Amino acid sequence: MRIFSSRPLGTLRFSVIFVAVGLGLLAQAGVSGLWVYRVPTGDGNFRDTFFELTQSGESVGGTFYSGTRQIPLTEGTFKDGKLRFVVNLGNENMARPVVYEGTLANGRIEMSALSPSGNRPPTTGVAEHARREAMLPPARLPLPELRQVPDNGLVRTPPMGWNSWNLFADKVDDRTVREIADAMVSSGMREAGYVYVNIDDTWEAPHRDDRGNIASNVKFPNMKALADYVHSKGLKIGIYSSPGPKTCAGYEGSYGHETQDAQTFAAWGIDYLKYDWCSASQIYKDEDMQGVYQKMGDALLKTGRPIVYSLCQYGRADVWEWGAKVGGNCWRTTGDISDHWQSVDNIGFHQVEIAPYATSGHFNDPDMLEIGNGGMNREEYRTHMSLWSLLAAPLLAGNDLRKMTPETKSILMNREVIAIDQDPAVNPVKQVSQDGKAVVLARLLKDNSWAVGLFNRGDRPASVVLKWEALGFGGKPLQVRDLWRRQPVETSGSGYSAKVPAHGVVLLRVTAL
Ligand code: GLA
């Protein structure tokens with residue numbers, strides 16, 4: 001029997017040679033070229049990062065593209081089909097080397113990335129050859145002429161609620177949000193004033209529908225139904241997007257779809273939008289921010305639905321000077337908070353200067369709360385809550401409301417402290433004194449009493465002194481209440497000296513009789 005009877009011998013020989021040459025080429029194929037490393041997020045999205053490799057023998061050099069940064073890679077090798085290189089994703093203050101390792105097979109590299117310092121979980125994915133266009137941001141769209149967006153009249157005192165990011169990050173889903181809404185009611189948070197249940201990044205589907213409408217991913221099967229549920233609890237619901245093509249976590253942003261997305265959010269019943277700069281930095285400059293944010297401010301207003309507008313661009317371009325003009329109800333004044341004393345200390349004590357920019361309905365936002373997330377002690381969390389309240393900051397809890405200790409509840413739900421945050425006069429906090437690590441901050445409240453924080457930023461207990469004169473109260477009879485001890489304070493003489501624990505605070509409300 002002749003197996004290859006139908007195939008002429010010449011063609012067979014040609015094919016064998018062709019395949020052999022092809023396999024040979026593959027075996028020798030290097031890794032030079034542009035690659036995209038795609039890490040599945042588990043909800044249908046991929047986190048894409050681009051890198052360009054130049055191979056010479058067994059050594060590999062190249063560039064790693066991280067947002068707008070181009071980072072040279074080091075220690076690159078390619079040997080026996082195995083690729084390895086290191087990228088420092090940190091900055092000049094802190095190195096964060098990440099080791100990329102992979103195996104080349106069939107033109108793809110099965111890869112993993114590992115931070116040896118262990119501060120980030122490893123990722124695994126596949127690197128594929130990429131076209132340069134895929135890496136380039138879309139063309140720049142024109143910006144509107146600057147104007148004053150009319151005030152939406154919302155949140156005359158700082159917004160209060162919860163946000164998913166600090167604790168849940170990309171693990172947030174429909175079920176969690178429903179349970180958080182339930183817990184907001186059952187824990188007493190709603191009664192204490194916390195009403196916004198805000199979904200942060202990673203709710204977005206990888207693609208828009210055929211009409212260009214933004215859609216939610218598998219973690220949020222029905223956003224409208226979720227909004228209805230949250231509303232049924234007497235609460236409000238918030239969502240997140242970016243003026244860039246991608247959000248900070250690499251999900252679909254609102255670039256070029258601002259009006260359409262505002263309408264979608266309104267149709268779902270959304271009451272609050274956090275709008276996060278992220279990849280807009282690939283298209284626009286800092287001086288364009290006002291126009292970019294105005295675009296969405298206008299779009300939200302046009303929906304006719306009351307939607308709180310929260311700007312998030314990390315306090316760049318003096319946002320406090322124009323945040324209200326673009327229709328913003330609050331604007332982030334800093335980079336991201338983390339659940340560490342250093343972070344709260346750094347952020348919280350650097351806000352006093354810009355405090356006068358806050359007015360009723362338009363607030364500085366030093367980022368969400370970390371209270372109850374476990375990285376700080378009771379004194380530090382009390383300082384966090386006291387500072388944010390003195391600053392008239394949005395109070396967006398960032399912890400798991402389903403599992404709060406009595407201590408966490410006592411901090412988040414201290415009504416007398418919340419009353420400072422929510423004071424309708426929105427007077428700016430001022431620094432009364434500073435003596436080394438002892439800082440006294442005070443804010444005049446609507447009823448002419450003063451909220452005063454005696455802070456100890458130091459690592460050891462210390463005495464912090466307040467002179468009544470500094471509040472214009474010299475010689476007057478006073479009523480003083482300690483808001484964390486929840487009791488009156490006996491005073492005599494020209495001031496008050498408190499022993500304050502390390503990183504702690506004594507928070508007083510002082511009223512002239
Ligand atoms: C930025 C913001 C954070 C959070 C993440 C989500 O880092 O500042 O508050 O929204 O993006 O990706």
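Reply: Ala 512 counts as partly exposed because its relative accessibility is 31%; buried means under 20% relative accessible area, exposed means over 50%, and partly exposed lies in between, with a 1.4 Å probe and protein chains only. The model is predicted, so local features need pLDDT of at least 70 and side-chain atom pairs count only at pLDDT 80 or more, while totals for chains, interfaces and linings use all residues. Residues are numbered from 1 along each chain as its sequence is written, and side-chain values use heavy atoms, with hydrogens and water left out.

Ala 512 belongs to strand β25, residues 505-512. Strands (E, at least two residues) and helices (H or I, at least four) are DSSP runs numbered from the N terminus. In total the chain has 12 helices and 25 strands, and 50% of its 513 residues count as buried.

The domain bounds, which come from an automatic or database domain assignment, are 27-134 for domain 1, 160-421 for domain 2 and 430-512 for domain 3. Taken over C-alpha atoms, the centres of domain 1 and domain 3 are 54 Å apart. The C-alpha trace of the chain spans about 115 × 50 × 45 Å along its principal axes.

Another strand, β24, covers residues 495-500, and its side chains alternate. β24 pairs with β21 (residues 462-467) in the antiparallel sense over 6 bridges; two strands pair if DSSP finds at least two bridges between them. Within this pairing, Val 464 has Ala 498 of β24 as its bridge partner.

Next comes the ligand. Around the ligand are 13 residues, where near means that a heavy atom lies within 4 Å. Asp 200, Asp 201, Lys 274, Asp 276 and Asp 336 come nearest. An N or O atom in the side chain of Asp 336 is 2.5 Å from an oxygen atom of the ligand. Asp 201 has a polar side-chain atom 2.8 Å from a ligand oxygen atom, and a polar side-chain atom of Lys 274 also lies 2.8 Å from an oxygen atom of the ligand. The protein covers 92% of the 310 Å² of accessible area that the ligand has on its own, by the Shrake-Rupley method with a 1.4 Å probe.

Note on methods. A polar contact is a pair of N or O atoms within 3.5 Å; within protein, one must be able to donate a hydrogen and the other to accept it, and residues adjacent in sequence count only if both atoms are side-chain atoms.
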